[in-house]
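These are my notebook entries on one structure, set down in the order in which I looked things up. The sequence and the model are shown first.

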Amino acid sequence: MDIKRMGTRVRAFRKLKGYTQQELADSVGISLAVLGAVERGNRHLEDKILNKIADVLEVSVEELANPST
């Protein structure tokens with residue numbers, strides 16, 4: 001999984017759904033700093049956290065990882 005591409009997609013879906021970084025981080029149970037690092041493509045997430053992000057954003061993990069979906 002390309003973490004830079006995934007980070008870009010997390011940011012895009014977050015904005016599309018109308019969440020601030022703080023709101024998404026709070027909903028998922030991670031710090032704002034961790035979410036920022038994820039969105040910049042500087043941090044890989046555990047599957048558990050990635051699944052929580054996908055659930056909150058109402059998308060699949062595959063949608064976060066693959067731009068063609």
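**Entry 1: Phe13**

I first asked: does Phe13 count as buried or exposed? Phe13 counts as buried because its relative accessibility is 14%; buried means under 20% relative accessible area, exposed over 50% and partly exposed in between, with a 1.4 Å probe and protein chains only. I located Phe13 in helix H1; helices (H or I, at least four residues) and strands (E, at least two) are DSSP runs, numbered from the N terminus. I then looked up its contacts, a contact being heavy atoms within 4.5 Å. Beyond the neighbours within four places in sequence, Phe13 touches Leu57, Val59, Glu63 and Leu64. For the pair Phe13 and Leu57, I noted 44 residues of separation in sequence and a C-alpha to C-alpha distance of 6.7 Å.

**Entry 2: Basis and confidence**

I recorded that this is a predicted model, in which local features need pLDDT of at least 70 and side-chain atom pairs count only at pLDDT 80 or more, while totals for chains, interfaces and linings use all residues. Residues are numbered from 1 along each chain as its sequence is written, and side-chain values use heavy atoms, with hydrogens and water left out. The pLDDT is the predictor's confidence in each residue, from 0 to 100. The chain average is 93, and 96% of the residues score at least 70.

**Entry 3: Helix H3**

I next examined helix H3, residues 32-39, and found six of its eight residues buried. These are Val34, Leu35, Gly36, Ala37, Val38 and Glu39. They pack against H2 and helix H1 (3-17). After H3 comes Gly41, with a positive phi near 80°.

Within H3 I looked up Val38. Val38 counts as buried because its relative accessible area is 0%. Leaving out neighbours within four places in sequence, I listed Ile3, Gly7, Arg43 and Leu45 as the contacts of Val38. Val38 and Arg11 are 27 residues apart along the chain, and their C-alpha atoms are separated by 8.9 Å.

Two packed helices are described by the angle between their axes and the distance between the axes. Axes are lines fitted to C-alpha atoms, for helices over the stretch in contact, and angles run from 0 to 180 degrees between N-to-C directions.

At what angle do the axes of H2 and H3 cross? They cross at roughly 110° and come within 9 Å. The two helices are therefore roughly perpendicular to each other, a term for angles of 65 to 115 degrees. H2 contributes Gln21, Gln22, Leu24 and Ala25 to the contact, and H3 contributes Leu32, Leu35, Gly36 and Glu39. By class I noted four nonpolar, three polar and one charged residues; Ala, Val, Leu, Ile, Met, Phe, Trp, Tyr, Cys and Pro count as nonpolar, Asp, Glu, Lys and Arg as charged, and the others, Gly among them, as polar.

For H1 and H3, I noted an angle of about 115° and axes 7 Å apart. The residues in contact are Ile3, Gly7, Thr8, Val10, Arg11 and Arg14 of H1 with Leu35, Val38 and Glu39 of H3. This contact has four nonpolar, two polar and three charged residues.

I returned to H1 for Arg14. Arg14 counts as buried because its relative accessibility is 7%. Apart from neighbours within four places in sequence, Arg14 touches Tyr19, Thr20, Gln21, Leu24, Leu35, Glu39 and Leu57. Leu16 also lies in H1, but it counts as exposed because its relative accessibility is 65%.

**Entry 4: The nonpolar core**

Which residues touch the most other members of the largest nonpolar core? I found Val10, Ile30, Ile53, Leu57 and Leu64 in that position, in a core of 19 residues. Such a core is a set of buried Ala, Val, Leu, Ile, Met, Phe, Trp, Tyr and Cys residues joined through side-chain atoms within 4.5 Å. H1, H2, H3, helix H4 (47-57) and H5 each give two or more residues. H4 supplies the largest share, five residues. For Ile30, the contacts outside four places in sequence are Ala25, Leu35 and Ile49.

**Entry 5: Glu58**

My last entry concerns Glu58, in the loop between H4 and H5. Glu58 is not a glycine, yet its phi is positive, about 60°. It counts as exposed because its relative accessibility is 63%.

Terms used. Parallel < 35°, antiparallel > 145°, perpendicular 65-115°, else oblique.
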